[in-house]
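The plan is to go from the whole fold down to single residues, and to write down what I look up.

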Amino acid sequence: MALREIVTVGDPRLRVRSRPVERVTPELRELIRDMIETMETANGVGLAAVQVGEPVRLIVIETPEDEDDPNSGKLFVVLNPEIVKTGKETEVGTEGCLSVPGYAGEVERATEIVVRGLDRHGKPFRFRPRGFLARVFQHEIDHCNGILYTDRLVAPDRIWEVKPGEEEQVEAEDARRRKTTAALE
Ligand code: ZN
């Protein structure tokens, strides 16, 4: 396994629309292992292949354990992830990105989605993440389409600098600022 370099904002490679995975090859398996290691080392909750310079539709996600969500704390590896259903309820929450180091900003996302794709062995995968996990899936799938969370800020000024170690505080604040916007169906 090896750590991969994370591509950061300003690099045009982040804006590429990634191509679908066609076969699970040894190279792809190696990429998956490297991405997991890179994400964990960087204390990230998700990573898309394009963020390590590989424009293929592949995401890895691992959110911290949360007693309210039995799917938290699990590792997800999804090839060709696709949102097939988006719930009507949305929530404004704080996001950061390993490709936009040192910043956090507010984005409105659906609180529940249905995701389809393939697991790491190429078997069909269908899953209904909720809450923070749904947010992370939407963020990572955006990466596969060349979209960054900074494109989706609730307002252009709702982004701020974060000092290392302050990210968790931001999350706690976010939980108190939930908002339902049925108007945006
Ligand atoms: Zn990101």
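**Entry 1: the whole chain**

I began with contacts between residues at least 6 apart in sequence: 65% of them join residues at least 24 apart. I note here that this is a predicted model. Next I looked up the elements. The chain has three helices and eight strands. Written out in sequence order, the pattern reads α-β-β-β-β-β-β-β-α-β-α. I then checked burial. Of the 185 residues in the chain, 44% are buried.

**Entry 2: the zinc ion**

Which residues coordinate the zinc ion? I found Cys97 through SG, His139 through NE2 and His143 through NE2, at 2.1 to 2.2 Å. Along the chain, these donors follow the spacing C-x41-H-x3-H. I wanted to know where the ends of that spacing sit. Cys97 is in the loop between β4 (90-95) and β5, while His143 is in helix α2, so this pair ties together parts that are 46 residues apart in sequence.

Are Cys97 and His143 buried or exposed? The cut-off for buried is under 20% relative accessible area. Cys97 has 11% relative accessibility, so Cys97 counts as buried. His143 has 1%, so His143 counts as buried too.

**Entry 3: the nonpolar cores**

I turned to the largest nonpolar core, which has 17 residues. Which of them touch the most other members? They are Ile59, Ile61, Phe76 and Phe137. I listed the elements that each supply at least two residues of this core: β2 (58-62), β3, β6 (113-118), β7 (124-127) and α2. Helix α2 gives the most, with six residues.

I followed Phe137 on its own. I left aside its neighbours within four places in sequence. Phe137 is then in contact with Ile59, Ile61, Phe76, Val78, Ile113, Val115, Phe127 and Pro129. Ile59, Ile61 and Phe76 were already in my notes on this core.

There is also a second, separate core of 15 residues. Among its members are Leu28, Met39, Leu58 and Val60. In soluble globular proteins, nonpolar side chains tend to be buried together.

**Entry 4: the second largest pocket**

The second largest pocket holds about 190 Å³ of space. I wrote down its lining: Arg57, Asn80, Pro81, Glu82, Ile83, Glu108, Arg109, Ala110, Gln138, Ile141, Asp142 and Arg152. The elements giving two or more residues to this lining are β3 (75-86), β5 (103-110) and α2 (131-144). Strand β3 has the largest share, four residues. What classes of residue line this pocket? I get four nonpolar, two polar and six charged residues.

**Entry 5: the cavity**

How many cavities of 30 Å³ or more does the structure hold? It holds one. The space in the largest cavity is about 40 Å³. Its lining is Glu91, Arg109, Ala110, Thr111, Gly131, Phe132 and Arg135. Both β5 and α2 supply at least two residues each. Helix α2 has the largest share, three residues. By class, I get two nonpolar, two polar and three charged residues. Arg109 and Ala110 line this cavity, and they also line the second largest pocket.

**Entry 6: Ser18**

I went back towards the start of the chain. Ser18 is in the segment before α1 (26-41). Is Ser18 buried or exposed? Its relative accessibility is 5%, so Ser18 counts as buried. What does Ser18 touch, leaving aside neighbours within four places in sequence? Its contacts are Val50, Pro55, Val56, Arg57 and Cys144. Arg57 is also in the lining of the second largest pocket.

**Entry 7: Val45**

My last stop was Val45, in the loop between α1 and β1 (46-48). Val45 has a relative accessible area of 26%, which makes it partly exposed. I looked up one distance. Val45 and Val60 are 15 residues apart along the chain, and their C-alpha atoms are separated by 8.4 Å.

Then I listed the contacts of Val45, not counting residues up to four places away in sequence. They are Met39, Val60, Ile61, Glu62, Thr63, Pro64, Phe132 and Val136. Met39 and Val60 belong to the second core, while Ile61 belongs to the largest one. Phe132 is in the lining of the largest cavity.

Notes. Residues numbered from 1 in each chain as written. Predicted model: local features only at pLDDT ≥ 70, side-chain atom pairs only at ≥ 80, totals over all residues. Heavy atoms only, no water. 1 Å grid on protein atoms, 1.4 Å probe; cavity = no way out; pocket = protein on both sides within 12 Å on 5 of 7 lines; lining within 4 Å. Points joined across faces, edges and corners; volume = space filled by probe spheres on them. Nonpolar A, V, L, I, M, F, W, Y, C, P; charged D, E, K, R; others polar. Core = buried A, V, L, I, M, F, W, Y, C linked by side-chain atoms within 4.5 Å. Buried < 20%, exposed > 50% of the residue type's maximum accessible area, 1.4 Å probe, protein only. Contact = heavy atoms within 4.5 Å. Donors = N, O, S within 2.8 Å, 3.2 Å for Na, K, Ca; no water.
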